[in-house]
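Colleague: I'd like to learn how to read a structure like this one. Could you walk me through some features, one at a time?

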Amino acid sequence: LISMYFPPEPGGGSKTAFNRALILGKIGYTVFVLCAFPSYPSGRVAGNKYKGKFFYVEKMENFTLIRVRLLPIASEGFLRRFILFMNFIILSLVWMPKILKISSKVTLVYAMAPILFSSFLGSIYSKVTKSFFIYEATDLWPEETVAFNHKLSFIIFSLGKKLANLSYSLPDMIVVTSKLAAKYVTNNYKPRSPVYVLFIGVDPSRYEIKSKERAREVLVEKKILPYDVINKFVVLYAGVISKVTRVENLVCAANELNVKEKDILFLVIGEGEEKPRLEEIKQSNNLSNLYFLPFQASYLVSYIICAADVCVISLPPEPIYGVTISTKFFDYLACHKPQIGICGGELAEIINSNNVGLTVEDGEIDKLVDKILFLKKSPSLMQDMEKNSHDILQQFSLDNLAQKFNNVLINEINKR
């Protein structure tokens with residue numbers, strides 16, 4: 001499994017890679033993960049055991065992790081991310097003889113990050129090892145990159161389309177994370193290989209469900225949350241704080257409700273390039289109902305989600321993000337929490353059709369405020385959403401996804 005991102009790093013890339021490793025393990029593979037030292041998004045390597053090391057092999061659960069050290073720069077902006085991507089690709093090629101010696105007989109190469117470039121890296125590894133090659137397009141580049149009107153958008157898009165065409169031509173099988181993404185790739189790139197939808201999914205057994213009251217007590221005792229959270233209606237966002245995740249929507253909603261609704265508290269947990277700016281808005285507007293906290297230890301994730309009344313997912317309004325289903329959706333689902341999706345596309349359709357939450361569009365602050373107030377005043381509806389979340393959870397469980405994926409994979413390997 002080739003993924004630049006892997007736990008204990010935060011973020012959707014790391015979470016998706018971990019779930020893919022679990023799925024591959026469930027269907028019988030011995031999993032070796034080629035990844036970077038944990039340093040996303042700050043660029044600072046977390047963990048004393050990595051000090052002074054440039055190459056490190058360790059065990060995590062049943063996986064063997066083969067880590068390479070990247071340049072100590074933050075994952076911010078197009079240029080820095082590109083440098084990190086190239087850094088990972090080059091090191092993965094330089095260390096290839098040692099990596100293949102550790103992993104011994106390779107029968108499957110599954111490449112997923114960095115996007116596009118991992119396809120080229122995975123193709124090289126699969127050719128050297130004569131193995132079946134799967135490329136997962138977790139994001140759609142260059143379309144998502146140019147959605148923010150980068151000053152080099154035209155050049156990036158023109159070159160990116162050529163690279164994307166090439167990346168989709170290399171694998172024996174292409175994996176995407178939503179039905180709309182499969183449709184987009186098939187219609188726009190017409191790859192020769194089959195395109196398979198594999199939802200990011202979730203392992204429910206890793207989420208210990210606790211009552212809201214108990215979860216809050218534990219977090220207060222650990223001094224993670226202030227005592228005044230105990231009797232509040234808590235609106236949670238947990239994840240990377242970037243331009244893509246549009247956390248500013250929640251900050252604006254907090255500003256609208258700061259005086260009118262004293263018993264509503266907005267809790268934002270995470271890091272990212274947008275966090276300093278949003279913290280400045282909090283300070284300048286004296287938003288006492290808005291708390292920013294850093295990423296927390298993984299064992300606290302279920303406590304944090306269970307402590308919330310409603311959980312928020314926020315995506316950009318650009319049409320290309322309509323194919324995205326955030327990893328946070330599955331985390332919240334595993335804890336049976338009502339959700340507010342600031343989104344459109346496939347994610348909005350899943351939330352609305354299964355009645356596990358409500359949706360608004362990006363920038364609709366008045367509607368967002370109304371949805372929050374509506375849920376706060378509708379405990380019976382909240383209970384229905386919690387039940388519905390539990391009911392559809394099996395559909396997205398890793399056990400269920402692994403079984404379906406294995407059937408398809410065996411069929412494709414036999415065709416080869």
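Predicted model: local features only at pLDDT ≥ 70, side-chain atom pairs only at ≥ 80, totals over all residues.

Colleague: Is V197 buried, exposed or partly exposed, and why?

Modeller: Buried means under 20% relative accessible area, and exposed means over 50%. V197 has 22% relative accessibility, so V197 counts as partly exposed. If you skip neighbours within four places in sequence, V197 touches V176, T177, S178, K179 and A182.

Colleague: What about E136: where does that residue sit, and which residues does E136 contact?

Modeller: E136 is in strand β6, residues 132–136. E136 has a relative accessible area of 0%, so E136 is buried. Beyond the neighbours within four places in sequence, the contacts of E136 include T16, R20, Y110 and T177.

Colleague: Okay, now sheets. What is the order of the strands in the open sheet of six?

Modeller: Two strands pair if DSSP finds at least two bridges between them. Here the order is β11-β10-β9-β12-β13-β14, and the pairing is parallel. β11 (290–293) and β14 (357–360) are the edge strands: each has a single partner, so one side of each has no neighbour in the sheet. From one strand to the next, the twist averages 20 degrees.

Colleague: How many bridges join β12 to β13?

Modeller: Four bridges join them, with β12 spanning residues 310–314 and β13 spanning residues 339–342. For one example, I313 has G341 as its bridge partner in β13. On the β9 side, β9 and β12 pair in the parallel sense over two bridges, and V235 is found opposite V310 of β12.

Colleague: Why is β12 described as largely enclosed?

Modeller: Start with the general idea: side chains in a regular strand alternate between the two faces of the sheet. In β12, V310, V312 and S314 are on one side, C311 and I313 are on the other, and all are buried. That makes five of the five residues buried, so β12 is largely enclosed by the rest of the structure.

Colleague: And what does the chain pass through on its way from β12 to β13?

Modeller: The chain goes through α12, making a β-α-β crossover that is right-handed. Another helix to look for is α9 (residues 248–257), which lies across β9, β10, β11, β12 and β13 and runs at about 160 degrees to β10.

Colleague: Which residues do ring pairs link into a cluster?

Modeller: Look for F78, F82, F85, F117, F120 and W141. Rings can have charges over them too: K282 lies over the face of Y291, 5.8 Å from the ring centre.

Notes: Residues numbered from 1 in each chain as written. Heavy atoms only, no water. Buried < 20%, exposed > 50% of the residue type's maximum accessible area, 1.4 Å probe, protein only. Contact = heavy atoms within 4.5 Å. Axes fitted to C-alpha atoms, helices over the stretch in contact; angles between N-to-C directions. Phe/Tyr/Trp six-rings, centres within 6.5 Å; stacked < 30°, edge-to-face > 60°. Lys NZ or Arg CZ within 6 Å of the ring centre and 35° of its normal. Right-handed = clockwise from strand over helix to strand, strands pointing away.
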